[in-house]
Amino acid sequence: MSMAAPAEKKTMTATNTFSGYITRNDLAGHCKNPHALAWIEKCIDLCKPDKLFWCNGSAAERQSLFEQGCKDGTFIKLNQQKLPGCYFHRSNSNDVARTEHLTFICTPSDDLVGPTNNWMSDKEAYARLRGLYDGCMKGRTMFIVPFVMGPIGSPLAKVGIELTDSLYVTVSMSIMTRMGDVAWKQLGDDDEFTRCLHSVGDVNPDRRYICHFPLDNTIWSFGSGYGGNALLGKKCLALRIASYLGRQQGWMAEHMLLLCATSPKGQKTYVAAAFPSACGKTNFAMLIPPGKYADQGWKITTLGDDIAWMWVDKESGRLRAINPEAGYFGVVPGTNYTSNPNAMESMKKDTIYTNVGLVTLPDGTYDVWWEGKDGEVPQRCTDWQGREWTPQIAKETGAKAAHPNSRFTAPMANNPVLDESADDPAGVPVSAIIFGGRRSKGVPLIYQAFNWMHGVYLGFTLGSETTAAATGAVGVVRRDPMAMLPFIGYNIRDYLVHWSRMRKGMKDCPRIFHVNWFRKDENGKFLWPGFGENMRVLKWIIDRCHGGAYAVETPIGWMPRPGDIDLEGLSVTREQFEKMQAVTPEEMKAEIIGQEELFLKLAGDLPKEMIFQRELLIARL
Ligand code: OXD
Ligand code: MN
């Protein structure tokens with residue numbers, strides 16, 4: 001896909017500046033796109049809302065929705081001197097993370113979705129969910145939320161319309177996407193938009209379905225208000241549906257942060273990195289170069305912290321990327337002025353805090369608290385479930401004030417280090433792709449793939465210990481290809497082939513790397529300090545991209561020698577660094593055997609390149 005102007009055939013619909021409740025009779029007067037109108041009418045017939053709310057995406061609208069939410073109990077206003085424009089939200093305690101076992105790709109045949117997705121026949125899914133949606137909005141309001149994923153005017157930007165009965169979802173979408181009138185302008189008279197229908201239903205896990213219909217560009221989500229299940233522009237559209245569309249249209253939707261490193265000489269290097277959920281993408285995307293690097297003039301700026309859409313620019317033959325989102329939906333616990341000062345600054349204003357601890361201040365207003373926040377631990381607060389929490393209760397019962405997957409939702413414009421190209425429809429050229437997982441043993445801090453195909457293999461076999469971002473056991477190694485296991489919207493076989501094919505269009509392809517910030521010693525202590533110090537590893541990566549750093553060939557890939565990564569000023573010794581990089585033949589064998597389950601799961605469906613790469617690795621051992 002080249003950088004052409006957006007399709008000319010679109011006729012621009014007049015700007016609609018209205019926001020507020022409308023009647024069914026008013027709908028046609030507001031919705032000028034006939035395809036959208038017909039679809040909204042159908043959804044109204046099905047869900048039977050009492051009221052309709054037309055969103056225009058303005059700041060005044062967001063403010064009035066917050067106020068309405070404070071009245072109906074959706075939000076609690078936080079102390080506006082301390083946290084201007086910030087609100088607290090508590091979700092149902094059964095609804096605090098993505099529910100992968102209730103997430104389906106719905107197509108006529110299961111071969112389209114492959115072995116890594118839950119499949120439901122599209123007919124069955126429509127029938128089952130139609131039954132649930134029937135009358136589900138009686139007594140409620142249906143919010144009509146048009147949005148754009150991607151900078152306006154980008155050749156990759158996609159329009160979606162979400163119909164939801166959740167005020168929380170509506171306001172969150174106004175932060176996380178380019179929401180409102182702008183979407184109608186981008187859409188024009190086209191019928192190419194993702195039809196997103198959402199209801200919280202009765203928030204019952206037995207009646208919870210997150211269903212994707214890639215062949216119909218449609219998402220139906222029922223029974224959950226959790227961001228990853230309910231903000232349908234994010235995981236559902238920007239990853240699952242977009243990955244499918246990307247394969248059809250020759251581009252990629254990936255679970256990747258996107259950052260720019262600017263050298264003291266002003267050279268910009270754009271880096272994309274895929275880490276599984278809650279493995280530090282937000283921290284890495286907002287990294288602050290430590291003392292010496294900052295003094296020298298190194299700067300890191302953020303384009304995105306979760307999702308990248310990438311295509312090959314025909315003229316330059318380079319991979320370019322945009323971040324389709326407009327906000328951050330970040331994990332709160334553990335975030336502080338040491339781990340991520342830029343995230344702390346980003347959530348100082350105009351932010352929704354979900355499922356953190358709530359502190360009552362002496363004047364009766366509220367503040368938020370979470371495990372790992374700077375400053376003093378409060379004497380008491382209300383925990384994420386609304387129960388009393390004190391340090392003593394925590395000691396006795398292990399109760400957390402904030403849920404481990406509690407989140408902040410903040411506009412990206414709040415980020416002090418937002419990259420100047422974050423809104424550029426032309427995107428940025430990607431020089432490096434990094435894959436990384438959370439691995440306490442056996443996986444080195446950093447190495448580089450021999451070439452693109454070897455890099456695809458590293459991404460494919462990516463393993464990580466599970467976190468609280470999804471329901472289920474925490475801390476077991478799970479293979480998470482390209483950190484996309486829960487997000488590939490079609491057959492992984494075709495996804496891997498697509499990765500290989502993308503290489504064909506590139507004259508100069510990004511270098512691919514593998515990192516592991518989480519290796520531990522025999523006593524369970526992290527070997528690498530991480531956070532800002534990851535700059536040292538990033539510097540080697542950048543130098544490798546520009547032909548400026550040395551590496552030695554090892555069986556698993558190119559590795560820096562101890563002297564090639566700057567350790568000056570760190571308490572890490574050369575010997576400790578060698579320990580972090582060392583992989584014994586036993587560990588390598590264990591890793592290869594650990595990949596067996598993935599290979600068996602995909603047996604018969606696996607592109608031969610992945611099998612060859614594994615054989616080559618074994619041969620090198
Ligand atoms: C997220 C996730 O919320 O990956 O970004 O779960
Ligand atoms: Mn994510």
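## Helices 13 and 14

Helix 13 and helix 14 run roughly antiparallel to each other, a label used for angles over 145 degrees, while under 35 is roughly parallel, 65 to 115 roughly perpendicular and the rest oblique. The angle behind that is about 150°, with the axes of helix 13 (residues 452-460) and helix 14 (residues 492-502) lying 10 Å apart. Axes here are lines fitted to C-alpha atoms, for helices over the stretch in contact, and angles run from 0 to 180 degrees between N-to-C directions. Helices (H or I, at least four residues) and strands (E, at least two) are DSSP runs numbered from the N terminus.

This is a predicted model, with local features needing pLDDT of at least 70 and side-chain atom pairs counting only at pLDDT 80 or more, whereas totals for chains, interfaces and linings use all residues. On bookkeeping, residues are numbered from 1 along each chain as its sequence is written, chains are lettered from A and ligands numbered from 1 in the order in which they are written, and side-chain values use heavy atoms, leaving out hydrogens and water.

On the helix 13 side, Trp-452, Met-453, Val-456 and Phe-460 make the contact, and helix 14 answers with Ile-492, Leu-496, Trp-499 and Ser-500. Contact means heavy atoms within 4.5 Å. Sorted by class, the contact of helix 13 with helix 14 has seven nonpolar residues, one polar and no charged ones. For those classes, Ala, Val, Leu, Ile, Met, Phe, Trp, Tyr, Cys and Pro count as nonpolar, Asp, Glu, Lys and Arg as charged, and the others, Gly among them, as polar.

## Helix 13 meets helix 19

Helix 13 also packs against helix 19 (residues 608-620), with axes that come within 10 Å and cross at roughly 95°. That makes helix 13 roughly perpendicular to helix 19. Met-453, His-454, Val-456, Tyr-457 and Phe-460 of helix 13 touch Glu-609, Met-610, Gln-613, Arg-614, Leu-617 and Arg-620 of helix 19. The tally for helix 13 with helix 19 is six nonpolar, two polar and three charged residues.

## Helices 3 and 5

Elsewhere, helix 3 (residues 59-72) and helix 5 (residues 167-176) have axes that come within 10 Å and cross at roughly 150°. So helix 3 is roughly antiparallel to helix 5. Helix 3 passes helix 5 in a left-handed crossing.

Helix 3 brings Arg-62, Leu-65, Phe-66, Gln-68, Gly-69 and Asp-72 to the contact, and helix 5 brings Leu-167, Thr-170, Val-171, Ser-174 and Ile-175. By class, helix 3 with helix 5 gives five nonpolar, four polar and two charged residues.

## The manganese site

The manganese ion (ligand 2) has Lys-235 (NZ), His-255 (NE2) and Asp-306 (OD) as its protein donors, lying 2.2 Å from it. Along the chain, the donors of the manganese ion follow the spacing K-x19-H-x50-D. Lys-235 in helix 8 (residues 233-249) and Asp-306 in the loop between strand 16 (299-304) and strand 17 (308-312) are 71 residues apart, and the pair links distant parts of the chain. Donors are N, O and S atoms within 2.8 Å of the metal (3.2 Å for Na, K and Ca), and water is not among the atoms, so sites may look incomplete.

Lys-235 and Asp-306 are both buried. Buried means under 20% relative accessible area, exposed over 50%, and partly exposed in between (1.4 Å probe, protein chains only).

## Two positive phi values

Met-482 has a positive phi of about 55° although it is not a glycine. Met-482 sits in the loop between strand 29 (477-479) and helix 14, and is buried with a relative accessible area of 0%.

Phe-531 is another non-glycine with a positive phi, near 45°. Its loop runs between strand 30 (511-515) and helix 15 (534-545), and at 40% relative accessibility Phe-531 counts as partly exposed.

Pro-324 is in the loop between strand 18 (319-322) and strand 19 (327-331), buried at 0% relative accessible area. Beyond its neighbours within four places in sequence, Pro-324 is in contact with residues including Val-148, Arg-178, Ala-238 and Trp-309.

Asp-424, in the loop between strand 25 (407-411) and strand 26 (428-436), counts as partly exposed at 31% relative accessibility. Leaving aside its neighbours within four places in sequence, Asp-424 is in contact with Pro-151 and Ile-322.

Conventions
Left-handed = near helix turned anticlockwise from the far one by under 90°.
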